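Here is a friendly note to read alongside the model. Take the points in order, and keep the picture open as you go.

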Amino acid sequence: MKQQQDRKRMERDPTYVPEPEHVPITDDEHLGDLASGMKVGDRCEVTLGGKRGVVQYVGKIPAIAPGWWVGVQYDEPVGKNDGTVKGARFFSCPPNFGGFLRPDKVTVGDYPELEEWDDDE
């Protein structure tokens with residue numbers, strides 16, 4: 001059904017690019033190669049939004065989905081949890097300072113905490 005709708009829309013609008021079809025992840029080693037370059041204590045930046053923090057967990061979380069995950073404690077309360085996912089604790093941090101992301105959404109490196117007046121970064 002969606003493919004038919006996309007085809008019709010592409011006929012009307014040649015610049016339309018359909019969303020890629022969602023394929024569930026089944027590989028238990030998904031993004032393991034990227035995760036291997038990260039360790040607890042690394043400073044990091046999330047690629048979407050530029051949020052910064054510290055890597056607090058690198059590993060698998062079967063309760064979410066197969067593959068590798070990175071637990072981040074953000075510098076500011078921009079997260080969704082306190083290091084807990086579905087009742088299991090993977091690290092501890094204040095509420096709303098934690099988040100779990102796929103390794104391809106996190107870059108480790110020299111990312112100091114941003115000061116309130118550093119809006120240009």
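1. Start with Phe-100, which counts as buried at 15% relative accessibility. Please keep in mind that this is a predicted model, here and in every point below.

2. Phe-100 has an aromatic partner in Phe-90. Their ring centres are 5.8 Å apart and their planes meet at 75 degrees, so this pair is edge-to-face. Phe-90 sits in the loop between β5 (88–89) and β6, while Phe-100 is in strand β6, and the two are 10 residues apart, so to speak from distant parts of the chain.

3. Tyr-57 belongs to strand β2 (residues 52–61) and Phe-100 to strand β6 (residues 98–101), so the pair ties together parts that are 43 residues apart in sequence. Is Tyr-57 buried or exposed? Tyr-57 is buried, with a relative accessible area of 16%.

4. Step back to see the group. Tyr-57, Phe-90, Phe-91 and Phe-100 form one aromatic cluster, and the count of aromatic pairs in the structure comes to four.

5. Next, the nonpolar cores. The largest one has nine residues: Met-38, Cys-44, Val-46, Val-55, Val-70, Val-72, Tyr-74, Leu-101 and Val-106. The elements giving two or more residues to this core are β1 (43–46) and β3 (65–74), and β3 gives the most, with three. A second, separate core has eight residues, including Ile-61, Trp-69, Val-85 and Phe-100.

6. Cys-44 is buried, with a relative accessible area of 0%. Leaving aside neighbours within four places in sequence, its contacts include Lys-51, Val-55, Val-72, Val-106 and Tyr-111.

7. How many disulfides does a search of the whole structure find? The search finds zero. Cys-44 is in no disulfide, and the nearest cysteine sulfur, that of Cys-93, is 12 Å away. Cys-93 is likewise in no disulfide, and it counts as buried at 12% relative accessibility. For comparison, a disulfide needs the two sulfur atoms within 2.5 Å.

8. Finally, find Lys-51, one of the contacts of Cys-44. The charged end of Lys-51 sits over the ring of Tyr-74, 5.1 Å from the ring's centre.

Terms used: Residues are numbered from 1 along each chain as its sequence is written. This is a predicted model: local features need pLDDT of at least 70, side-chain atom pairs count only at pLDDT 80 or more; totals for chains, interfaces and linings use all residues. Side-chain values use heavy atoms; hydrogens and water are left out. A nonpolar core is a set of buried Ala, Val, Leu, Ile, Met, Phe, Trp, Tyr and Cys residues joined through side-chain atoms within 4.5 Å. Buried means under 20% relative accessible area, exposed over 50%, partly exposed in between (1.4 Å probe, protein chains only). Helices (H or I, at least four residues) and strands (E, at least two) are DSSP runs, numbered from the N terminus. Contact means heavy atoms within 4.5 Å. Rings of Phe, Tyr and Trp (its six-membered ring) pair if their centres lie within 6.5 Å; planes under 30 degrees apart count as stacked, over 60 as edge-to-face and the rest as tilted. A charge sits over a ring if NZ of Lys or CZ of Arg is within 6 Å of the ring centre and within 35 degrees of the ring normal.
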